[in-house]
Every structure is written in C-alpha cells, then in structure tokens.
Amino acid sequence: MKQVLVKGGGVFVQDVPAPTVGPKNVLVQVRHSCVSVGTELSSVKLSGLPLYRRALKQPQHAKRALRMMADIGVQRTISLIKGRIDSGMPVGYS
C-alpha cells in the first residue's frame, strides 16, 4: 500500500506494508484520501529543523524524551527517536 510520509523537510510517497487486522478490527480499503495542506505544511516545516529546534518548538516532546531517558537510558532513547525520525511521519486522514 502507498502512504504519504513527511521527513527531512519533504513529502514522500512510499510503499508500506498493509496493516494487520485483529479479531476486533476492520480493514477498510481506501480509494481516496485527503491531505490538509495547512495542517500538514507545518509538519513539513518542522521536520526540516534540527532536533534541538524541534524540541524548542514542541516542549512536550522534549519532556517526554527526558522521561524516557530516565526510564530506559540515554542511548536507547536516542536510538528510538532517530528511528522514528528516519522512518517519517504518516499524514492524511485515512
């Protein structure tokens, strides 16, 4: 399946695995999706900033990262954050 992802200050369409369906879930085939330009444009701009600037703009995420460092350690937290940033952020409403 194709998915729109935001990373590194850009927008990309990538093939991603289809979601799995559990016993209490329903999988819906989407034919069209909507991406809100105004809402998503702020995500694109934010994704192009260095990590310290993102932390200044989103202090709630910085606080969460500090709590994670206390719980699981600095190296593991950095690894998780880098992995999430590198994989991109899905956008759209489907």
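1. Basis. The model is predicted: local features need pLDDT of at least 70, side-chain atom pairs count only at pLDDT 80 or more, and totals for chains, interfaces and linings use all residues. Residues are numbered from 1 along each chain as its sequence is written, and side-chain values use heavy atoms, with hydrogens and water left out.

2. Strands are DSSP runs of E of at least two residues, helices are runs of H or I of at least four, and both are numbered from the N terminus. Two strands pair if DSSP finds at least two bridges between them.

3. Hairpin. Strand 1 (residues 2–7) pairs with strand 2 (residues 10–15) in the antiparallel sense, over 6 bridges. The two strands form a hairpin with 2 residues between them. Gly8, in the turn, has a positive phi of about 60°. Lys7 stands opposite Gly10 in strand 2. Lys2 stands opposite Asp15.

4. Salt bridge. How many salt bridges does a search of the whole structure find? The count is 1. The criterion is a side-chain nitrogen of Lys or Arg within 4 Å of a carboxyl oxygen of Asp or Glu. Asp15 forms a salt bridge with Lys2, and the closest N and O atoms are 3.1 Å apart. Asp15 lies in strand 2 and Lys2 in strand 1, so the pair ties together parts 13 residues apart in sequence. Asp15 is exposed, with a relative accessible area of 59%. Lys2 also counts as exposed, at 59% relative accessibility. Exposed means over 50% relative accessible area, buried under 20%, and partly exposed in between (1.4 Å probe, protein chains only).

5. Positive patch. Lys63, Arg64, Arg67 and Arg84 form a positive surface patch. Patch residues have over 30% relative accessible area and no salt bridge; like charges are joined within 9 Å, nonpolar side chains (Val, Leu, Ile, Met, Phe, Trp, Tyr) within 5 Å. Helix 3 (residues 59–72) gives the most to this patch, with 3 residues. Lys63 lies in helix 3. Lys63 is exposed, with a relative accessible area of 54%.

6. Nonpolar patch. Val26, Val28 and Val30 form a nonpolar patch on the surface. Together they have about 300 Å² of accessible area, by the Shrake-Rupley method with a 1.4 Å probe. Val28 is in the loop between strand 2 and helix 1 (37–47). Val28 is exposed, with a relative accessible area of 60%.

Technical notes
Lys, Arg positive; Asp, Glu negative; His and termini not counted. Charge placed at Lys NZ, Arg CZ, Asp CG, Glu CD.
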